[in-house]
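Please report on the side-chain interactions in this structure.

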Amino acid sequence: MTATVEFFDRTMMEAMALLAETRRYLIDRSETERKGMPVEQGLAASMESMRLVARLTQVLAWLLTHRAVHAGEMNLVEATRPDRRLGGRELCLSTQGDDDPAMPDELRSLLARSLSLYRRIARLDEQAAQRAAEQLRQNELTYPGKGA
């Protein structure tokens, strides 16, 4: 259990650090960088910035939910309800602008790191959902007809 808590703490710290770095970039440099770009390129950079923020928001929401599971505040079945699963997969897993050489280097770096983090959490989300489904099956075998 300690390793799991340590993993969540480390991953949460990683996500928060990436969020802080993203915030600094968006406040300090992104607007200035977009001013020197053609309109279409500036729009693409703005859209990728939104994708970056969406990835981090989804990851942090998932981590907070599963931290609550490990703290005993909710069970795994509750944490894997559809509205609590990692969201935004279609948007967040898209790599449309991640490798675009016209994107600012720092934005591309943030996009790559956020995608890596999002993919790790997506794998954990799938594993958690499988464990929850197995718990429900075991519960149904132990208590046949319960909830019917």
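A salt bridge is a side-chain nitrogen of Lys or Arg within 4 Å of a carboxyl oxygen of Asp or Glu. The whole structure holds 13 of them. This is a predicted model: local features need pLDDT of at least 70, side-chain atom pairs count only at pLDDT 80 or more, and totals for chains, interfaces and linings use all residues. Residues are numbered from 1 along each chain as its sequence is written, and side-chain values use heavy atoms, with hydrogens and water left out.

**Charged pairs**

| Salt bridge | Closest N to O distance |
|---|---|
| R108 and D105 | 2.9 Å |

E21 sits in helix α1 and R113 in helix α5 (residues 105-142), 92 residues apart. Helices are DSSP runs of H or I with at least four residues, numbered from the N terminus. E126 is also in helix α5, while R85 is in the loop between α3 (76-79) and α4 (89-92); 41 residues separate the two. R108 and D105 share helix α5 and are three residues apart, about one turn of the helix. D105 is exposed, at 57% relative accessible area, whereas R108 is partly exposed at 23%. The cut-offs are under 20% relative accessible area for buried, over 50% for exposed, and partly exposed in between (1.4 Å probe, protein chains only). Shared partners also join R85, R89, D125 and E126 into one salt-bridge network.

**Aromatic pairs**

There are two aromatic pairs in the whole structure. Rings of Phe, Tyr and Trp (its six-membered ring) pair if their centres lie within 6.5 Å; planes under 30 degrees apart are stacked, over 60 edge-to-face, the rest tilted. F7 and F8 are edge-to-face because their planes stand at 80°, with centres 5.5 Å apart. F8 and W62 are stacked, at 6.1 Å centre to centre and 20° between the planes. F8 lies in helix α1 (residues 2-35) and W62 in helix α2, so this pair ties together parts 54 residues apart in sequence. F8 and W62 are both buried. F7 is partly exposed, at 28%. F7, F8 and W62 form one aromatic cluster.

**A buried arginine**

R55 belongs to helix α2 (residues 39-70). R55 counts as buried because its relative accessibility is 0%. Its side chain makes a polar contact of 3.1 Å with that of S114. Such a contact is a pair of N or O atoms within 3.5 Å; within protein, one must be able to donate a hydrogen and the other to accept it, and residues adjacent in sequence count only if both atoms are side-chain atoms.
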